[in-house]
Amino acid sequence: MEHWIRHLPKAELHLHIEGTLEPELMFELAKRNAVALRFGSIEEVRAAYQFADLQSFLDIYYEGAQVLLHEQDFYDLTWAYLERVQAQHVRHVEIFFDPQTHTDRGVPFETVIRGIHRALDDGERKLGISHQLIMCFLRHLSAEAAIATLEQALPFRDWIIGVGLDSSEVGHPPEKFVTAFARARAEGFLTVAHAGEEGPPEYVWQALDQLKVKRIDHGVRSIEDSALVERLRADAIPLTVCPLSNVKLCVYDTMEHHSLKELLNAGLCVTVNSDDPAYFGGYVNENFLAAHQALGLSKRELYRLARNSFEAAFLDDGSKETLIAELDTYVKSAAF
Ligand code: HPA
Ligand code: ZN
C-alpha cells in the first residue's frame with residue numbers, strides 16, 4: 001500500500017515556496033550571502049521546529065526567509081522543491097509565494113518572481129511538472145499594502161494565475177481584503193484564501209461570499225458548521241488540506257482526530273498537500289501516508305484524493321483529463 005501511495009500521480013495545490021527551505025539550504029544560502037543565523041547547526045534548526053500554534057511557526061518561517069536575497073536563491077529554492085516532488089510522482093504544482101516577506105526587506109519583487117518563474121519553467125521542460133503560481137498577501141499587514149503588492153505584480157501578470165491570503169489568521173478576517181481582492185479579480189486573477197485553519201467557519205463564509213474564492217486553503221474548521229459543509233459541497237469548492245501542518249501547528253492534537261476523512265465523505269473536494277514541508281516533517285507523499293495510517297483511508301478514498309488534486313487544479317479541461325487518464329492507467333495497472 002505504501003508503495004502504491006508513493007507512486008500515485010498527483011498534484012500539489014497548497015505549497016508555500018518559502019516553506020520548502022530545508023535547513024541545509026538555509027545554511028548554504030546564509031554562507032553564500034553572508035547572512036548571520038542565530039542557529040549554530042542544522043540540528044539546532046531542526047530542534048527549533050516545535051510549534052504551539054500558527055504564530056509560533058510564522059515567526060521562525062519569516063526568520064528563515066531572510067537568507068533569500070538574489071534571483072538565484074529563489075531559483076535554487078524552487079528547483080530543490082521540484083526535484084524532490086518529481087521523485088514523489090507529482091505531475092502539477094500550484095505554488096504560493098509571499099512577495100511582502102521579501103520586498104519589506106528590500107528585495108525587489110522582480111528578483112523574487114524571476115527566480116521562481118525560471119525554476120518552474122525549467123521544471124516543466126526538464127522534469128515534466130506543469131505549474132501555476134499564486135501570489136499571497138500577508139494578512140497581518142494592511143489592506144493598502146496588499147493593493148500596493150498587487151500593483152507591483154501587474155507587469156508579471158502572465159506568470160501569476162491568482163492571488164491568495166496567508167499569515168496570521170485570527171484577527172485578520174477575509175473581509176479586511178475585500179477591496180484588494182475585488183481589484184485582483186478585475187485584473188483577471190483567480191482568488192483563493194487560507195480560511196478555517198485556526199479561524200472560525202465564519203472566515204470561510206467571508207472568503208466565499210466576499211472574496212469570491214475558487215478554493216479554500218485548509219478550511220478544516222468548516223466541519224463545525226453543517227450549513228457551510230453543504231455550501232462547499234453544492235458549489236464544489238475544493239479544500240486544500242495539509243494534514244501534517246495541522247498536527248504540527250496543533251489545530252488537531254493527533255492525526256487520528258483530523259477531519260479530512262469526514263470532509264471527504266461529506267462529499268467535499270478534499271485534496272492533500274504539504275503546506276511548508278521543510279518545517280512540518282514531510283512532502284506531499286508523507287502527508288498522504290500519515291493521513292492514510294491514522295485515518296485508515298481506503299484505496300478508493302486515496303484515489304479520490306489524487307483525482308481531486310487534478311480536478312481542483314487551475315488547468316484547462318484538456319490538461320486535467322490527460323492527468324486523470326494517467327492516474328486511471330496507474331490505478332488499473334496496479335490492480336485497484
Ligand atoms: N497558514 C498561514 N500562513 C502560512 C501558512 C499557513 O499554513 N504557511 C505559510 N504561511
Ligand atoms: Zn498554507
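**The metal site**

Select the zinc ion (ligand 2) in this predicted model: its four donor atoms subtend angles of 81 to 174°, which makes the arrangement irregular. The coordinating atoms to display are NE2 of His14, His16 and His194, together with OD of Asp275, at 2.0 to 2.2 Å from the zinc ion (ligand 2). Along the chain, these donors follow the spacing H-x1-H-x177-H-x80-D. Colour by accessibility next: His14, at 0% relative accessibility, counts as buried, and His16, at 4%, counts as buried as well.

**The ligand site**

Now select ligand 1, whose surroundings include His16, His194 and Asp275, residues that also coordinate the zinc ion (ligand 2). Among the other residues around ligand 1 are Leu54, Phe57, Leu58 and Tyr61. For polar contacts, show the side chain of Asp276, where a polar atom lies 2.7 Å from a nitrogen atom of ligand 1, and then the backbone of Ser167, where a polar atom is 2.8 Å from a nitrogen atom of ligand 1. On the side chain of His218, an N or O atom is 3.1 Å from an oxygen atom of ligand 1.

**Helix α7**

Finally, select residues 109–127, helix α7, where the end C-alpha atoms are 26 Å apart, in agreement with the 27 Å that 19 residues should span at 1.5 Å a residue. Its buried residues include Phe109, Val112, Ile113, Ile116, Leu120 and Leu127, and the cover over the buried residues of α7 includes α5 (71–86), β2 (90–97) and α8 (143–153).

Terms used. Residues numbered from 1 in each chain as written. Chains lettered and ligands numbered in written order. Predicted model: local features only at pLDDT ≥ 70, side-chain atom pairs only at ≥ 80, totals over all residues. Heavy atoms only, no water. Helix = DSSP H or I, 4+ residues; strand = E, 2+ residues; numbered from the N terminus. Expected span 1.5 Å × (residues − 1). Buried < 20%, exposed > 50% of the residue type's maximum accessible area, 1.4 Å probe, protein only. Contact = heavy atoms within 4.5 Å. Donors = N, O, S within 2.8 Å, 3.2 Å for Na, K, Ca; no water. Tetrahedral: all angles 85-135°; square planar, octahedral: opposite > 155°, others 65-115°. Near = heavy atom within 4 Å. Polar contact = N/O pair within 3.5 Å; in protein donor to acceptor, adjacent residues only side chain to side chain.
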